[in-house]
Amino acid sequence: MNACIFLDIDGTLLDHEIGIQESSKAAIAQAQANGHRVCLATGRPKPEVEDEILSIPFDGCIYSCGAMVESNGNVLFYEPFPQELVKHMILLMQTHAIGFNLEGSRTSFLDPTGYDFFHSLFQRSMKDNSELARQYMAAIRMHPLQELKETDTLQIMKIATFITRESRLDEFDRQLPAQLKHIHHGFHEGCTNGEIYNHAITKATGMDCLLSHFQISLEASIAIGDSLNDAEMIRHCSIGVAMGNACEELKLISDMITTTSKEDGIYNCLKKLKLI
């Protein structure tokens, strides 16, 4: 039976210290040669996915935790936040000192805390060249919030959050609109980062969209991830796999645990499942 394999990016396909392992690329190619479908399932919006990743011939892509789904350049599903919800969230986050990145299908917009977070991250990887980091952010369409126009609020699909010591997180979460979910990740770069997305639109709904498109049953689905935004698809699929470097919460709900993103995790998983 041909399977459909869903791969997260950060911490799964991509290790931020060593990049994408050659064994992962080889495993993807071999799985596809064996008749299986291999799809990307990421929390990132499409403009923030590097060319190296997009150059891998995935059969389908789930972006922004399910808010946008594509296959071979065709958009199968697209549902950004309502414009009034975006405006409400900007005010709510500013009121509670929550830094943010409004992640859009075309362009993303960051408040000063979010912009500084990513600028520092990219600057270090570019030999401390501040201007090069700014140019790179512009190239992947990450812009300061002051550049946000009215029409830009129509294409926001998800929000990344940056929680600092000044943030009033508990109060913010209590006031979060009921249709939204806010997950908190680990401490990084002087703050805790998180994600806000629609309860009803997740990587799991993105999986269903692609499985229907490929006419593959849910029983033939495998998902591999490492963080909390992978939880819905790990629970939903037939075989849920946590990376060796995954958060403990994800490991607890997974059917199996493979090796880390530095230790051929994807290759070893597909080999164990006899897909390659």
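1. Basis. Residues are numbered from 1 along each chain as its sequence is written, and side-chain values use heavy atoms, without hydrogens and water. As the model is predicted, local features need pLDDT of at least 70 and side-chain atom pairs pLDDT 80 or more, whereas totals for chains, interfaces and linings use all residues.

2. Burial of α1. Helices are DSSP runs of H or I with at least four residues, and strands are E runs of at least two, numbered from the N terminus. In α1 (residues 22–33), Ser23, Ser24, Ala27, Ile28 and Ala31 are buried (under 20% relative accessible area; exposed is over 50%, partly exposed in between; 1.4 Å probe, protein chains only). These buried residues fall within an arc of 140 degrees, taken from the directions from the helix axis to the C-beta atoms, so they line one face of the helix. Glu22 and Ala33 are exposed on the face turned away from the buried side.

3. Aromatic pairs. The structure holds five aromatic pairs (ring centres of Phe, Tyr or Trp, the latter by its six-membered ring, within 6.5 Å; planes under 30 degrees apart are stacked, over 60 edge-to-face, the rest tilted). Phe118 and Phe162 have ring centres 5.8 Å apart and planes at 85 degrees, so the pair is edge-to-face. Phe118 lies in helix α4 (residues 112–125) and Phe162 in strand β11 (residues 156–163), so the pair ties together parts 44 residues apart in sequence.

4. Cluster. Phe117, Phe118, Phe122, Tyr136 and Phe162 form one aromatic cluster. Phe162 is buried at 2% relative accessibility, while Tyr136 is partly exposed at 26%.

Methods
Axes fitted to C-alpha atoms, helices over the stretch in contact; angles between N-to-C directions.
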